[in-house]
Structures are given as C-alpha cells and as structure tokens.
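Please look at the sequence and the structure shown below before reading on.

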Amino acid sequence: MEKKQNIEHTRLLVLSLLAGKDLYGYQMIEELSRRSNRTFEMKEGTLYPVLHGLERDGAVEAYMQEAPTGRMRKYYHLTKKGGALLKAEEEKWQTYSGAVNAVLRSGAGLAPA
Amino acid sequence: MDEREFCDRVLARLRHATRTEKAAVRAELEGHIEDRAEALTKAGYDHEAAMARAAEVMGNPEEIGGALDKQYPLGWLILSRVSLIFSILLAVSLVTSLHSVAELRDSVEARTNPAAGLRSGSVTGTYIYSVDLRADVGNDVLRVFQLGLTLRPDGQTGVASVALCNYDQNVFGAASQILIDNTTYETESGGELMPAGGSGGGGSGAQYWVADGIDVSRTDEYLAVCYDRFGETARLEVPLDWEGMLS
C-alpha cells in the first residue's frame, strides 16, 4: 500500500485533534502527521478553509495567544456544537468504513483459491 | 514564491472578507509559513530555501484563496457592514440620548430641588434660607432659590449672598447660557448693587449662579434680582429676612 495518502476527511480529523486540546494550524498539521505515522499528507494551506468553515459554523472557536517567541498564534477550540458534530461525523465514518470492509471481506471470500 | 507572494495571491481571491478578516488570514498564514520554515532551517535548509519550501508546501494559493472565500459569503460581508453601520448609529444615538437624559435631569432638578443642582459654589452667610421666586424671561424661567445674610458688627449693614438659576420653560429645552450673566442686583430704592464675587456653572438643562458679597442695609426689606436685555425684563424682589436672622 502506498504510504502517503491525501486527506479526504479533513473536517473529521481536525475535529478529532481538537477534542484533545486547543491547537493552532501548524500544530495540527504536525500532530496529524505524527499520529498517522506520517501517512497523511496534505497541502498545508488547505487546512485553513476547513478551519475557517468550522469556525463559521460554530464548531470551533478561535482565540489569539502569544508564543514564547512573541509571535501571535490563532488557537482553535472545539465547542459543544463541534463535539456533537465530531460524534456525528465519527458515526458516519464508522458506517462508511464498516461498509467498505464488508465489501472487501465479501470480495476476499469470492476470490479464487 | 515567497511568503509574501503566497499570501498576496491567497488574499487576492478573498473578495468577500472584510479588511480585518483579510489581515487576520494573512497573519495566520504567515505564522504557519514561518513555523514551517523554522523547522526546515533546523533540518538544514538555509533561510531563503526554507521560506520558499515552506510557501510551496502550503499548496496552490489561488485554490486556497478560493476555498477560503467560500467561508466568507457575500451575505456575511453585507451583514457585517450593515451591523457595523448599525452599531455606529446605535452608539451615536446612545451618547446623544445619555446627553439628553443628563439635560433633562438638570432641568427637572432646577424646577424641583435647585439647591441640589447647585454644584459649583454655595450661598454664604450666618443665616441661610430658601426662597422661591420665579419670572419668565423669554423662553426661560429665572429662579431665585436661596439667600444668605450676614449682619455686620455695626448692626446697620449686612452682606447678602443669593443663589439663582435659569432653565427652559420646556423641560426638554436648552437653558439660556447668557441669562444669568446679565442679571443685576438692586436695592429697594433702585440703586445698583455690585456683588463682590460669584461662581456658577451648569449645562444645557439649567444654569446656576451664586452672587456673593452684596452690600445691603438693615433697613432694606428686599434685594431685587433684575434682568433687562433684548426687550425682556424681569424683577424678583427677594425678601431680606432680618427678623428670622436675629430671632
């Protein structure tokens, strides 16, 4: 299997990352890469439309915090609404992945010996 | 492509964001690129190459700008502009109405309890008493509300201190700012008295003045507060209560 994967479920992954703690954009990319053992690769800037969309929908809230270097960073925080959205998206993903696995399993059963 | 060019190209696609929102997007993207460049520098890149690489891994700026723009729909921009205008109007009307409330309070106070409205200066004397004399002067009311008397050791002369105010006849109207300045003081016999001093103040709701050090005679029964300008005249005869003072 090819190691690097383009992310198609960024919303779900972002919500999932923020369920643990508040993060800023660059941190999310790093965390995603670390947790997926560098499997997921995305154009880093594409994270921001997703984040801003979640912010607009009220799923996340943003606040500014100064880094030790003096640089201001925009942190994102998962809201209650975001938590509910994460649960719903997670369930959809489980249903979807379960269906894919079921198809793969049935395909394996049909494979010639 | 460097950090600035990347951000410029993203922002060029952000047509529905406000100036503040664009500045925030730029700061966030620049911060990300700088963080990535810092990591690349630690990995051995030189600064310029690190910045260029960091901008490159962000992706296509036009695509990102277009996707970001969808998060700032035109309706939202219009709404934010309208709400900004509405907020400004609201703030202006609030300030104006607060000012009006203060004027109204001063105007009512001058009618009901002028002694409380007298915030600058006070009547002086060994005997201070309230009076309530009013006269219409143009659109305003001139009111004398307090007097102070002191009898000199000679027992024949004394010093008076008188407090007056003016306010518009309409409770929402503005008080004349020049009426009190043009009041004069006369003895019972008609001779003009010159106060030794005075203090006063006020706002649009009411104006106050305390005239001090007016020489009066023990034989005077009243002190006249007069106004005679622009065809308007008024004369308020304020009783000098010598008996009250001596009792």
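## Salt bridges

In this predicted model, A:Arg11 forms a salt bridge with A:Asp57, and the closest N and O atoms of the pair are 3.9 Å apart; a salt bridge is counted here when a side-chain nitrogen of Lys or Arg lies within 4 Å of a carboxyl oxygen of Asp or Glu. Because A:Arg11 lies in helix H1 (residues 10–20) of chain A and A:Asp57 in the loop between H3 and strand S4 (60–66) of chain A, the pair ties together parts that are 46 residues apart in sequence. Over all chains, the rule gives a count of 24 salt bridges.

Side chains of opposite charge can pair when their charged atoms come close.

## How the model is read

The model is predicted, so local features need pLDDT of at least 70 and side-chain atom pairs count only at pLDDT 80 or more, whereas totals for chains, interfaces and linings use all residues. Residues are numbered from 1 along each chain as its sequence is written, chains are lettered from A and ligands numbered from 1 in the order in which they are written, and side-chain values use heavy atoms, with hydrogens and water left out.

## The interface of chains A and B

The contact (heavy atoms within 4.5 Å) takes 18 residues from chain A and 21 residues from chain B. The area buried between the two chains, that is, the accessible area (1.4 Å probe) lost on putting them together, summed over both, is about 1700 Å², and carbon and sulfur atoms give 51% of it. A:Tyr26, A:Tyr48 and A:Arg71 supply 34% of the area that chain A buries against chain B, which is more than any other three residues.

Across this interface of chain A and chain B the rule finds 7 salt bridges, and one of the salt bridges joins B:Arg36 to A:Glu44, with the closest N and O atoms 2.8 Å apart.

## The cavity

A search of the whole structure finds 1 cavity of 30 Å³ or more, where a cavity is a set of points, on a 1 Å grid over the protein atoms alone, at which a 1.4 Å probe fits but cannot get out. The largest cavity holds about 100 Å³ of space, a volume being the space filled by probe spheres set on the points.

Its lining (residues with an atom within 4 Å of a point) has 13 residues, of which A:Tyr24, A:Arg73, A:Lys74, B:Glu28 and B:His32 lie nearest the centre of the cavity.

Notes. 1 Å grid on protein atoms, 1.4 Å probe; cavity = no way out; pocket = protein on both sides within 12 Å on 5 of 7 lines; lining within 4 Å. Helix = DSSP H or I, 4+ residues; strand = E, 2+ residues; numbered from the N terminus.
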